[in-house]
Amino acid sequence: MIYAQIDLNWQQHDTWIVVIGILCAVSSALLGNFLVLRRMSMLGDAVTHAVLPGIAAAFLISHSRSSLPMFFGAVIVGVLTALFTEWIRRVGRVDEGASMGVVFTSLFALGLVMLVQASDHVDLDPDCVLYGAIESAAIDEVEIFGRVLPPAALILGVVTIVNALFVVLCFKELKISSFDPALATTMGFSARLMHYLLMVLVSITAVASFESVGSVLVVAMFVVPAAASYMLTDRLAWMIVLSVFIAAASAILGHGSAIVVPRWFGFESTTTASMMAVSAGGLFFLAALFGPKHGVLVKWVRRQFLSFRILCDDIVALLYRCEERETGSPSKAELADNLFASSWTLWAALATLRRRGEIAVDGAVSGAVDGAVDGAVSGDFHLTGRGRDRARQLVRSHRLWEQYLVVETSTETDRIHDKAERFEHFTDRPLRDRLDRVTDAPDTDPHGRPIPSEKS
Amino acid sequence: MIRGSRNTTDSDVSGRSVFSLGCLSNAGSSTLRLLAIACLFLFFAAAPRYAAAADSLADTSATWPTWQQWKRVLSLQDYNTRVVLLGVSVLGAGAGLVGSFTLLRKRALMGDALSHASLPGIAMAFIIASALGRDGKSLGYLLTGATVSGLLGVAAILWIRNKTRLKEDAALGIVLSVFFGAGIALLGIVQQMQYSSAAGLESFIYGKTASMGSNDAKLIIVASAIAIVVCLGLFKELKILCFDEAFAGSRGFPIVWLDIVLMSMVVLITIVGLQAVGLILMIALMVIPAAAARFWTHELWRMSVYSVVIGTVGCVLGAVLSAVFPNLPSGAMIVLVCSFFFFLSMMFGTARGVVIRTYRRRRLNRRIARQHLLRAMYEHLEPNTIGAGVKSSRFESKAAVTVSELLPMRSWGWGRLLPTIRAAQEDELLRFTDDNVFFTRSGFVEAARLTRQHRLWEMYLIAYADVAPGLVDRGADDIEHVLGPEIVDQLEDLLEEQKMTVEIPESPHGIGVPESAGPQPGGSTS
């Protein structure tokens, strides 16, 4: 249905745009993993700004606007950026970000001054030197091995292969030198050498990419796919694989949305490279929310489940203590007061406990609608046999912990309750037995209340 | 004119900030000459580059500015020069102050991320205003849009940093690239809009310093004043936030809100500065003065003051240079002047500069080498001068050690040993006559003290840390140079408890004891 309305008007030109986009994204993302892990995510941004003097110098020396000298000039200054940053960081003991900031702004300013000197003679616009566009890169053609393809695709293809080879062949070295440079040195290879190899490749990739597709895309692809896959996995190999897929996916999505999204608002298509960056951002947002282990939403849900379980624990333990003191079972309002629970979560917890058969409601026939819990009057809840078992284990854990804290760590009696309250939820049978042994199987806790036995 | 800046800002500023503004006001009267001198100084630094660039182009028409031009700029005759100088100097002060906090918070590139993040807001504001039939290019709309999207960028950075396991740098990189991408995409759309010309919208974020208007200057003054007042008012809170976030939290400071306040100051300064002076200069002003100031002091308030001064002076010098030499762009010149200051500070900074740290390390190394020498001599002489049953060796001025005997005691060569001996001879610790080295009395006392410290520590490690005697020498070797008298006292007490001798305790390696009786035969320094 929706598909029928979207007329992508796909042509070979679009295929090349996507191919170039994917190549740029993948080659940057491969190296980006290590930049993110080494906390140098801003390096891509710094390099793309800092190469200006290299371009200007190449122009001033060669007096031509051919792209090969400019490419080399840019790569050399890109490597110099990394070198200077590292030098200032090490010698001046300046924070990485600050040294990067000092270096790339100074280099950019230097380049600007040089360009202004040159522009008296030739029109050399920094914008047009620095920022290519992916659309026009896909139009150019060069014939190689009997096939016609855009030169940008060729260059980026080579860069991608080089980067992939580097990552695969030096995987172990990169891994160790990223996580533990000292270990790398003791294992007999130079962490610094790996660092500078990485920097050289980052510069080459950045320059090759932004010359043909623009700086937005390469800066984004150095950081965003790697960050997204860092949210999804803990293993470096998986992280690299996932980041490659995320990078490719955002390139495809980006071109599609560059064509489609503006039409919803009645405009023509917009620039592709920027939409690729935006879709990478969208994918990162999804990964950050729904990552299986570290996703924000997932962690939140897990925490909610945990606090719900703790609430259930607290309810049965409270009922048990009431039975013990023979004060009669508490009403729902009393429960809410004692446990600081909102009425909705309390209702859900009580319903769950009833469904599991751990508490029962007097007067309500089994299988009564949940509304019966709401309607229950004071003193209506009591524990079933199962619930009493669970409650006894909790109370036993609590009091054993209190005893342990007093006997073994000589904590003051008035400070043990909070700790025991926290530990009781995570104490299983073997731990209780050990606590029992260590504290010489006491009958009462430090407050003088009886410690229930394991079985009734 | 600079005095004018004081009048406008001073009224909004509490008394505490008078110092930082004072440097602005002082710059007016007596410092004009100083400024000229500094300009000349800087000019010599800049001249070779200028000449080189000029040489490479054969037909360049670079001319030396005449005295008239200098005078014209320095006496602030042009209205434009006055506005630009005032604007950039106040901006340099505000950015320097805010930058010193972001630097310590390891977010030096915050300004970078935020200046990129303001682009979608600018484009969006333009689209919405145009769609409503207003003038999309009016400064108010664009600034509002930039501020809103800058604040969104801050929120995104803080969210990524606080809620996920990614670090500051990744958060900055993600926000920078994604927001900038969105901005470029929106600009792509803006260019298709019929009802209004969007030309020049990009230049909003790449503003040009030289074309700064008086409105820009006023905006900058207001924004900097707000930032300065807030930063000084919350100085203690921000300080504690920068140095120990966890501690601030435990003392009940609302760290998230403080963070947001600080970042809002960054947004304010960045966005106002951005449209007046451009992207790169703004980033540079947030980073370079603060990073340079860090080399001069360990105290935050001093650092802030220095940062403000460096920012202001750098801006003024850069602007003056660019006004005198017509084809040096002013923004780039300010950045270059600031980074020149940065390198001066990095080299010669009195607290953390490279020169001072190298000097300190050299001095320490020299002291350590001398102490090693004294102890090696002492340990070499010990077996000869110690009598049976006598615990400590006596001073004998005739007992000599040859250099070739000293050489194998440590991993030092002639090249290091001889200068050390000569330096010690100059301080009258040793006498050095044809290959024989003798103690003077003071040298002997010093050597005995060092050896004692070394062995006390060795005994301590053996008695209290259960380290095997064969392993304690290395540990004691490192620490003997830094043991203060208090620690030596403590060691003596501890060892006395263990009934260990504290005169000069015997070496656990058997130095000074007949070899067969030693617990661990072998040289201590092997």
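In helix 7 of chain B, the buried residues are B:Leu119, B:Pro120, B:Gly121, B:Ile122, B:Ala123, B:Met124, B:Ala125, B:Phe126, B:Ile127, B:Ala129 and B:Ser130, where buried means that 20 or more other C-beta atoms, placed from the backbone, lie within 10 Å of the residue's own, exposed means 12 or fewer, and partly exposed means in between. The model is predicted, so that local features need pLDDT of at least 70 and side-chain atom pairs count only at pLDDT 80 or more, while totals for chains, interfaces and linings use all residues. Residues are numbered from 1 along each chain as its sequence is written, and chains are lettered from A and ligands numbered from 1 in the order in which they are written.

Because 11 of its 13 residues are buried, helix 7 of chain B is largely enclosed by the rest of the structure. The helix covers residues 119-131, and at 1.5 Å a residue it should span 18 Å, which agrees with the 18 Å between its end C-alpha atoms; the expected span is 1.5 Å times one less than the number of residues. After helix 7 of chain B comes B:Gly133, which has a positive phi near 85°.

Chain B as a whole has 23 helices and 3 strands, and chain A has 22 helices and 4 strands; helices (H or I, at least four residues) and strands (E, at least two) are DSSP runs, numbered from the N terminus. Of the 526 residues of chain B, 46% count as buried, and of the 456 residues of chain A, 45% do. Two residues are in contact if their C-beta atoms, placed from the backbone, lie within 7 Å. Among contacts in chain B between residues at least 6 apart in sequence, 71% join residues at least 24 apart, and the corresponding figure in chain A is 70%.

The strands of chain B can be followed from strand 3 (residues 436-439), whose covered face holds B:Val437 and B:Phe439 and whose uncovered face holds B:Asn436 and B:Phe438. Strand 1 (residues 400-402) of chain B runs antiparallel to strand 3 and is joined to it by 3 bridges, with B:Phe438 as the bridge partner of B:Ala400. Strand 2 (residues 430-433) of chain B also pairs with strand 3 in the antiparallel sense, over 4 bridges, and here B:Val437 is the bridge partner of B:Phe432; two strands pair if DSSP finds at least two bridges between them. The hairpin of strands 2 and 3 of chain B has 2 residues between the strands, and B:Asp435 takes a positive phi near 70° in it.

The contact between the chains takes 47 residues from chain B and 51 residues from chain A. On the side of chain B that touches chain A, helix 3 (31-56), helix 9 (168-190), helix 15 (279-293) and helix 17 (330-348) each supply at least two residues, and helix 9 provides the largest share, 15 residues.
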